[in-house]
Amino acid sequence: MPHTLLAFHAHPDDEALLTSGTMARAAAEGHRVVLVVATDGGEGLASAKYTAESLATRRMDELETSARALGVARVEYLGYADSGLGPRALPDPPRRTRFVRADTHEAAARLATILAEEAADVLLTYDPNGGYGHPDHIKAHEVGMRAAALAGTRRVLQATVPRDAICRAIDLAAKVYRFPPEFDRGSFDRAFSARRDITHRINVRRHITAKRASMRAHASQASSDGGADRTLAAFLRIPRPLFDLVFGTEWYVDATAEAHGSCTLDHDKRTLDHDKRTLDGEKRTLDHDKRTLDGEKRTLDGEECTLDGEECTLDQGGKAATRRSVRSRNPVGGIRRDVFEGLA
Ligand SMILES: [Zn+2]
């Protein structure tokens with residue numbers, strides 16, 4: 001049965017890195033995909049030749065290009081101004097409010113209207129840290145969660161990355177590729193989620209072409225002086241097999257499952273006991289998973305690595321990879337592999 005997926009992001013380009021594969025996959029499988037951004041990205045780090053206004057126009061065009069590549073049916077902009085990444089938000093531009101200063105309830109009501117119009121089954125948003133801590137991303141989490149509650153959206157998935165996997169992947173990539181100086185490797189040690197908190201692991205390798213097109217749409221500012229777009233461009237230069245390995249999976253934490261769980265615990269002791277048994281079962285699975293993870297080893301030349309249930313051998317300095325499935329070595333009890341799984 002076709003469902004509707006709504007991806008809510010802070011800025012144009014945020015959809016490319018964490019959720020574009022899931023969006024392309026959902027669209028390719030016949031579901032309706034809607035993309036909503038809170039801001040126009042006018043304060044993104046880019047070449048000094050852009051004013052905030054001309055950059056915003058450019059970035060909204062890029063968003064349209066990215067959306068077309070992903071098969072998105074509808075793109076909406078909530079009308080807020082980009083707050084920028086600085087320690088203090090910039091003053092509001094004429095007739096608009098910086099997203100960090102927006103009234104959360106009002107912003108949530110705007111998003112909830114679209115969720116309701118679309119009868120969206122699944123909302124994609126951010127975790128409480130906003131992934132890596134951009135003030136607009138933290139705000140997007142608050143607005144996304146509130147909107148889902150207002151609209152009664154059944155499933156809310158917070159886009160994330162298992163931080164251990166991404167740190168190792170970046171270190172691996174750093175052996176064959178030199179990241180630009182503004183790339184903050186250290187931020188990844190504190191960002192995103194622990195592997196044990198992840199509920200959804202979505203294989204998007206079949207949609208990697210669309211994902212690359214989405215990233216390329218935003219990396220088109222070749223004159224960029226630095227920042228997010230250059231990081232996207234840097235990722236696109238990673239040798240293809242390694243790129244597919246790292247970006248072929250997207251991860252989420254199911255916020256709705258968490259909320260329902262704690263509600264049940266508060267209300268009924270017998271349910272609590274039942275829950276406890278389930279949790280014990282989950283713990284064993286996690287321990288098993290941990291053993292598999294601890295057993296991993298990966299280097300660039302000729303040695304083996306395991307990433308998300310696949311064993312691969314990287315050679316020629318990471319330019320080639322041979323893979324085989326090792327599902328039996330990496331059981332993933334409790335992990336869902338489809339964002340719509342379990343929805344009627
Ligand atoms: Zn952003």
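1. In helix α6, the residues D136, H137, K139, A140, H141, V143, G144, M145, A147, A148 and A151 are buried, where a residue counts as buried if 20 or more other C-beta atoms lie within 10 Å of its own, as exposed if 12 or fewer do, and as partly exposed in between, with C-beta atoms placed from the backbone. Helices here are DSSP runs of H or I with at least four residues, strands are runs of E with at least two, and both are numbered from the N terminus.

2. Before going further, please note that this is a predicted model, in which local features need pLDDT of at least 70 and side-chain atom pairs count only at pLDDT 80 or more, while totals for chains, interfaces and linings use all residues. Residues are numbered from 1 along each chain as its sequence is written.

3. The length of α6 can be checked: at 1.5 Å a residue, its 17 residues (135-151) should span 24 Å, and its end C-alpha atoms are 24 Å apart, which agrees; the expected span is 1.5 Å times one less than the number of residues. The helix is followed by G152, whose phi is positive, near 70 degrees.

4. Of the contacts between residues at least 6 apart in sequence, 74% join residues at least 24 apart, a contact being two residues whose C-beta atoms, placed from the backbone, lie within 7 Å.

5. Seven strands form an open sheet with mixed pairing, in the order β3-β2-β1-β4-β5-β7-β6, and two strands are said to pair if DSSP finds at least two bridges between them. The edges are taken by β3 (74-80) and β6 (200-203), each with a single partner strand, so one side of each is left without a neighbour in the sheet. On average, and with direction ignored, neighbouring strands of this sheet are turned by 25 degrees against each other; axes are lines fitted to C-alpha atoms, for helices over the stretch in contact, and angles run from 0 to 180 degrees between N-to-C directions.

6. Strand β1 (residues 4-9) deserves a careful look, since six of its six residues are buried, with T4, L6 and F8 on one side and L5, A7 and H9 on the other. It runs parallel to β2, to which six bridges join it, and it also pairs in the parallel sense with β4 (residues 122-126) over three bridges. L5 stands opposite V33 in β2 and has V122 as its bridge partner in β4, whereas A7 stands opposite L124 in β4.

7. Helix α6 packs on this sheet, where it touches β1, β2 (32-39), β4 and β5 (155-160), and its direction makes about 155 degrees with that of β4.

8. Helices α3 (residues 52-70) and α9 (residues 208-218) pack at an angle of about 175 degrees, with their axes 8 Å apart. That makes α3 roughly antiparallel to α9, because angles over 145 degrees count as roughly antiparallel, under 35 as roughly parallel, 65 to 115 as roughly perpendicular and the rest as oblique. On the α3 side E62, T65, S66, A69 and L70 take part, and they meet A210, A213, S214, A217 and H218 in α9.

9. Finally, Y50 is found in the loop between β2 and α3, and it counts as partly exposed because it has 19 C-beta neighbours inside 10 Å. Leaving aside neighbours within four places in sequence, Y50 is in contact with L55 and R58.
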